[in-house]
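Visitor: I am new to this structure and would like a guided look at it. Please show it to me.

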Amino acid sequence: MHIRKDDIVVVLIGDDAGDTKSPTTGRVLRVLPKENKVVVEGINRVYKHMKPNRRNPQGGRLSKEMPIAASNVLLYCTTCRRGVRMGKRYDNQGRKERYCKKCGLSLGFLSKPRPRYAQKSGR
Ligand SMILES: [Zn+2]
């Protein structure tokens, strides 16, 4: 899974997809690795109509975000201002790092420093 909780992502398909000039972005609320899906804030929202009941005497509409396929989102790069493909690399402390393949910007670390990898990479 290339997406993590709290990532900012660009949504590529569906009713919520923007165009290239104004991509639709959202924060990842939840990652479902087994299903390869993610839940993105404000994206793929469905409304549930509730009848009045004891807990909710007014009834009405509840909105809830439904999971979308992880392949339909791209990490958002603040430098490129768009969704980008990302790569993985190890920095000189041996931390696994995600980066933007377009501009090389770091998109966050995935692991703690591991000297073993730092030595190997030699970069
Ligand atoms: Zn970039």
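Visitor: To begin, how many bridges join S7 to S8?
Guide: Three bridges join them, and the two strands run antiparallel. A strand here is a DSSP run of E with at least two residues, numbered from the N terminus, and two strands pair if DSSP finds at least two bridges between them.

Visitor: Where do these values come from?
Guide: This is a predicted model, in which local features need pLDDT of at least 70 and side-chain atom pairs count only at pLDDT 80 or more, while totals for chains, interfaces and linings use all residues. Residues are numbered from 1 along each chain as its sequence is written, and side-chain values use heavy atoms, with hydrogens and water left out.

Visitor: Back to that pair, then. Which residue of S8 does Tyr76 stand opposite?
Guide: Tyr76 faces Gly83 in S8.

Visitor: And what is the strand order of the sheet with S7 and S8?
Guide: The order is S6-S3-S2-S1-S7-S8, an open sheet of six strands with antiparallel pairing. Its edges are strand S6 (68-69) and strand S8 (82-84), each of which pairs on one side only.

Visitor: I see a metal. What coordinates the zinc ion?
Guide: The SG atoms of Cys77, Cys80, Cys100 and Cys103 coordinate the zinc ion, at 2.2 to 2.3 Å. Donors are N, O and S atoms within 2.8 Å of the metal, or 3.2 Å for Na, K and Ca; water is not among the atoms, so sites may look incomplete.

Visitor: What geometry does the site of the zinc ion have?
Guide: The site is tetrahedral, with angles of 104 to 115° among the four donor atoms. Four donors receive that label if all angles lie between 85 and 135 degrees.

Visitor: How are the donor residues spaced in sequence?
Guide: The spacing is C-x2-C-x19-C-x2-C. Cys77 belongs to strand S7 (residues 73-77) and Cys100 to strand S10 (residues 96-100), so this pair ties together parts that are 23 residues apart in sequence.

Visitor: Is Cys77 buried or exposed?
Guide: Cys77 counts as buried, at 0% relative accessibility. Cys100 is buried as well, with a relative accessible area of 0%, whereas Cys80 is partly exposed at 22%. Buried means under 20% relative accessible area, exposed means over 50%, and partly exposed lies in between (1.4 Å probe, protein chains only).

Visitor: With those cysteines about, how many disulfides does a search of the whole structure find?
Guide: The search finds zero disulfides; a disulfide would be a pair of cysteine sulfur atoms within 2.5 Å.

Visitor: Now S10. What is the strand order of its sheet?
Guide: Three strands form an open, antiparallel sheet in the order S9-S10-S11. Strand S9 (86-90) and strand S11 (106-109) are the edge strands, each pairing on one side only.

Visitor: How many bridges link S9 and S10?
Guide: These two strands pair in the antiparallel sense over five bridges. Arg89 stands opposite Glu97 in S10, and Tyr90 has Lys96 in S10 as its bridge partner. S9 and S10 form a hairpin with five residues between them, and Gly94 in the turn has a positive phi of about 80°.

Visitor: Which residues other than glycine have a positive phi?
Guide: Among them are Asp6, with a phi of about 75°, and Arg81, with a phi near 60°. Most residues other than glycine have a negative phi. Asp6 lies in the segment before strand S1 (8-11) and is partly exposed at 42% relative accessibility. Arg81 sits in the loop between S7 and S8 and is exposed, with a relative accessible area of 62%.

Visitor: Changing topic, where is Asn36?
Guide: Asn36 is in the loop between strand S2 (25-32) and strand S3 (37-40), and at 42% relative accessibility it counts as partly exposed. Leaving aside neighbours within four places in sequence, Asn36 is in contact with Met1, Ile68, Ala69 and Ala70, contact meaning heavy atoms within 4.5 Å. Asn36 and Ala69 are 33 residues apart in sequence and 6.2 Å apart in space, C-alpha to C-alpha.

Visitor: And which residues does Asn72 touch?
Guide: Not counting residues up to four places away in sequence, Asn72 touches Val10, Val11, Leu12 and Ile13. Asn72 lies in the loop between S6 and S7 and counts as buried, at 18% relative accessibility.

Key: Four donors count as tetrahedral if all angles lie between 85 and 135 degrees; four count as square planar and six as octahedral if opposite donors are over 155 degrees apart and all others between 65 and 115; anything else is irregular. Helices (H or I, at least four residues) and strands (E, at least two) are DSSP runs, numbered from the N terminus.
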